[in-house]
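Student: I have just opened this structure and have not looked at it before. Could you walk me through it?

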Amino acid sequence: MSSIPSPIPVLSPLRMQRHPRVVVVLTVVLLFAGGGLMMHAESQIQVLGLLAAFLVTFAIADRTPLGQEIAAMCGDYGGFANGVAFVCALGLIAVFHGEHYTLLVLATVALFSTACIALNLQLAFAGMANFAGAAFFVLGSYTAAVLTAYSWIPHPLILIVSGLVTGAIGVILLLPVLRTRGHYAALVTIAFGLLLRSLLEVNDTLGGPQGMKIKGFSVFGLDFNRMSSIGSWDVSFYLPYAVLSISIFAVAFTLIRCIERSWIGIALDTVRCDETAASVFGLSIARWKVVAFLIGNAVIGVAGALYGMMNGFVTPNGSGLGDSLLMLSIIVLGGLGNFWGAVVAAMVILVIPEKLQAIQEFRLLIFALLVLAILLFRPSGILPRPTRDLSRFIGPPGADA
Amino acid sequence: MDPGIIVQYLFNGLMLGVIYAMIAVGFSLFFGVLDVIKFSHGDVVTVGAFSSLGAAGLAGGLVTLPPVLALASGIAAAVTIGALVGVIIGRVLVLPLRHAPGVNVLLATLMAGTVLREAIRLGVPNGGNPKPFPALLPGGTIKAGSFSVGIDSVMILVAGLLLVLGTHLLITRTRFGLAIRAVAQDGEVARLSGIDFQAVVLGAFALGSALAAFAGCMLGLYYHEINFNMGVLLGVIGFASAVVGGLGSMLGPIIGGFLFAGVQTLVVVALPISSAYKDVIAFAAIIILIAVFPTGLIAERRSERV
Amino acid sequence: MNAPLLACGGLTMRFDGLVALDGLDIEVDKGETVGLVGPNGSGKTTFFNVVTGLYKPSAGSVRLDARDLFAKPPQVIGRAGVARTFQRSRLMLDQSVFDNIVVGALCRLDLGLFTNLFRRRRWRDELSGMVDHARALAHRFNPAIADRLFQPAGSFAMIDRRRIEICRALIGAPRLLLLDEPSAGMTHDETRQLMDDLLAFRQEMPDLAVILVEHEMDVIRRVSDRCVVLNFGRKIFEGSFDALIANSDVQTAYLGVSQ
């Protein structure tokens, strides 16, 4: 390793090896700073510049030995890196404490990334194609709308209940096609997504095409929507939403990571790769498909609920097939099975088109072509799924990732 | 109820059924030869509709053509371009990806469908809105009691039925059809027997896509209006028809197509709800029918070496 | 006379018009290795698929000890102590060797959501035990596999992948092991190595019953206690290897009738 030449003398490999945690911190901070700038940027030139910078960074990480080593270091110290990432996200929120739009974007990216991690659980781990991701997301919002309007359930509990309701509906949908081949389940999810959207638009019980209003989140008397200052600082009312969003992301991330790095994760992979072998070795295919679908949709429902509460309303728009495909595009682009890849891809697919007015119209077309290119030429996406290495868990306690 | 209205509904239902059947046959063909679901198929219908609009409009713009020739050029354009699109997608996307996990092909063809849709929306002037389709068929109506139907409608229906029948005959009576059935049963063995696998597969794609494109043309002539979104719904219902009828068979998708059309028509006639719910019923029917017949009315043939 | 471990009586398997197994009677005792041979298409793999529950047999009986396993789902049969390898290698090549091996024992581990998520210390203990177990097992076949237990399975050569598959089948401490052409795709030397490995672990698991499907007669001769020959789904011979070689029915089945 020490024989790798380094273009930047101060980043000599030996120095890096001696202070791996410093390297990790610097890398994560740099990435988040770039992301924050991207979310905050207003001029198209800034956005294009940042995009170029990211592409260069990615090329370095992918192609040069130095970049690969830094990437490997971040992987080895994965738990530490994740912790630093959480702190950086909080830092971004602190830096942009008064910026409505930036915080809204941050919260949106966090919530959609949460939903995409759940899709990863279903698709990348359990091999189940869910073409109704956006429908389940909107279902979570509608559940929150109904519960905030017609019940006195405390709002944190409403998030959980929305998740459970969404998860349950998903399982009911799945039951008939559990023992059949994948494309039947795919068809059922496509049909469900279209059904939900049509029903919500045609029927006025839940507001019809205008949708429903949703009360803002409040807990212990603290109403998020009324927050305008913390101490002597003026803050945007989106700040508490941003904090809650990244917390939900962190919880979902940890939950699904834990599932992957456990016996359940191995069971899911086996069911995905080879149902014949899985059944011969005693694994119930139906059970594991239900578990993945249930947990995945429940997480999507929670994210959707908070998203609805943050925006103050929900409409059938955003639950269509195109939107579900967009979510699947995010995880394919980011790399099936890679959670941070999904975050990066969410930034690309959600944020950039908002900033670059010129390509707004062509958004769907460009992303469709991008996904096609990825599927044909680099199917593992931007970041490949890290190989599960359970040896990390054996040894002194605290070596947990 | 006025018998005239009933017959009207019946006619509509038959029309829908033929359209669904034509699209469903394509899905079944693709699945038969390559074991893949080609989700861009619905959007090929849209391509066909807009191609025929373009050709008929173009031809009509350059020279004052009698409607018959405009119609012919429209149909020719639709079928050719539709078949071409089907073959290109097959060659560039489906064939290279057929060994990857099935969900990759699903996703890829869904994206390809999106590309087609968006290309039409962006490429055609004012593409985001419904476009009127010229009336190229002879006017006039047939009357029988209180029931009247346009001659053009009858012509369209007959054309559709003939095409479906023709495809069935092609698959069962010609050498090409035999090659398709051979490849559908066992690609490896067919290859070993000297059949040009790729040519047959692409030929099947061309056939299915041409049918779908023609259906698009028919839709334009019947409803006098087309829009860039029309393929999404039709693709889903066509796929569902093929699944419920039985993927891989010829008869299954046809039965499935008429079944869906029948359900849609019946519910709208029998229940006092507005026709705005037509789509909702269709999707609900899909979910229920798949729940009841998970492997199709005519079971999918599938074997895996253990 | 001890009751046999596996007893199949009158086992019949029909696929539409084709009769793949025709009234098959096979018994295997504890600790026995039975070599199952026969020309292609004679029903050997079909027999395995029926015993492991992947196919639902048309008639007959299958018993493991006293337990009726006829037409039971594969999960039930697997948990009852029947393990197998496959003709075509079926590993998860992207996953680590350990992950692949432990699949064979997953149904006996704690698969509850609560334990796996919230009682991590308990799960880590279970993990530790399984890693030691897997490592010891792999070491017996090839120390190199044991050293690289957490590398992707795809990074190993075919013979090692077969060994990994066998480890996967053994880690659940099965009572009956079905090996389907373990030597397929390997050279003579590799095959001999594999058979040496098999004989070695045989001694450590004396109660394990093994049915081995093979085309290589050398393997059958070295490893099996008794041989059964199938043709067109029917048993046409049962006995020692030497008797098998001399038997004219077997010769006819493989070579055709001599004029």
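Student: How far apart do the C-alpha centres of domain 1 of chain A and domain 2 of chain A lie?

Tutor: The C-alpha centres of these two domains of chain A lie 27 Å apart. Please keep in mind that this is a predicted model, in which local features need pLDDT of at least 70 and side-chain atom pairs count only at pLDDT 80 or more, while totals for chains, interfaces and linings use all residues. Residues are numbered from 1 along each chain as its sequence is written, and chains are lettered from A and ligands numbered from 1 in the order in which they are written.

Student: Where is chain A divided?

Tutor: Domain 1 of chain A covers 1-95 and domain 2 covers 101-389; such bounds come from an automatic or database domain assignment.

Student: How many residues does the contact take from each of these domains?

Tutor: Domain 1 of chain A gives 13 residues and domain 2 of chain A gives 16 residues. Two residues are in contact if their C-beta atoms, placed from the backbone, lie within 7 Å.

Student: Which elements supply the domain 1 side in chain A?

Tutor: On the side of domain 1 of chain A that touches domain 2 of chain A, at least two residues each come from α2 (20-40), α3 (44-63) and α5 (78-95) of chain A. Helices (H or I, at least four residues) and strands (E, at least two) are DSSP runs, numbered from the N terminus. By class, that side of domain 1 of chain A has nine nonpolar, four polar and no charged residues. Here Ala, Val, Leu, Ile, Met, Phe, Trp, Tyr, Cys and Pro count as nonpolar, Asp, Glu, Lys and Arg as charged, and the others, Gly among them, as polar.

Student: Let us turn to chain A and chain B. How many residues does their contact take from each chain?

Tutor: The contact takes 35 residues from chain A and 36 residues from chain B. On the chain A side, α9 (182-202), α14 (321-334) and α16 (363-377) of chain A are the elements that give two or more residues. The largest share of the side of chain A that touches chain B, 14 residues, comes from α9(A).

Student: And what classes do the residues of that side of chain A divide into?

Tutor: The side of chain A that touches chain B has 29 nonpolar, five polar and one charged residue.

Student: Which residues touch the most other members of the largest nonpolar core?

Tutor: In that core of 314 residues, they are A191(A), L306(A), M22(B), A213(B) and F214(B). A nonpolar core is a set of buried Ala, Val, Leu, Ile, Met, Phe, Trp, Tyr and Cys residues joined through C-beta atoms within 7 Å. A residue is buried if 20 or more other C-beta atoms lie within 10 Å of its own, exposed if 12 or fewer, and partly exposed in between, with C-beta atoms placed from the backbone.

Student: What does A191(A) touch?

Tutor: Not counting residues up to four places away in sequence, A191(A) touches V236(B), A240(B), F283(B), I286(B) and I287(B).

Student: Now chain B itself. How many helices and strands does chain B have?

Tutor: Chain B has eleven helices and four strands. Its radius of gyration, taken over C-alpha atoms, is 19 Å, close to the 19 Å that the globule rule gives for 306 residues, so chain B is as compact as a globular protein of that length. The globule rule is 2.2 Å times the number of residues to the power 0.38. Of the 306 residues of chain B, 51% count as buried.

Student: Which loop holds D35(B)?

Tutor: D35(B) is found in the loop between α1 (3-34) and α2 (41-62) of chain B. D35(B) has a positive phi of about 65° although it is not a glycine. Most residues other than glycine have a negative phi.

Student: Why does D35(B) count as partly exposed?

Tutor: D35(B) counts as partly exposed because it has 18 C-beta neighbours inside 10 Å.

Student: Finally, how many residues of chain A are in contact with chain C?

Tutor: 27 residues of chain A are in contact with 31 residues of chain C. The largest share of the side of chain A that touches chain C comes from α11(A), with seven residues.
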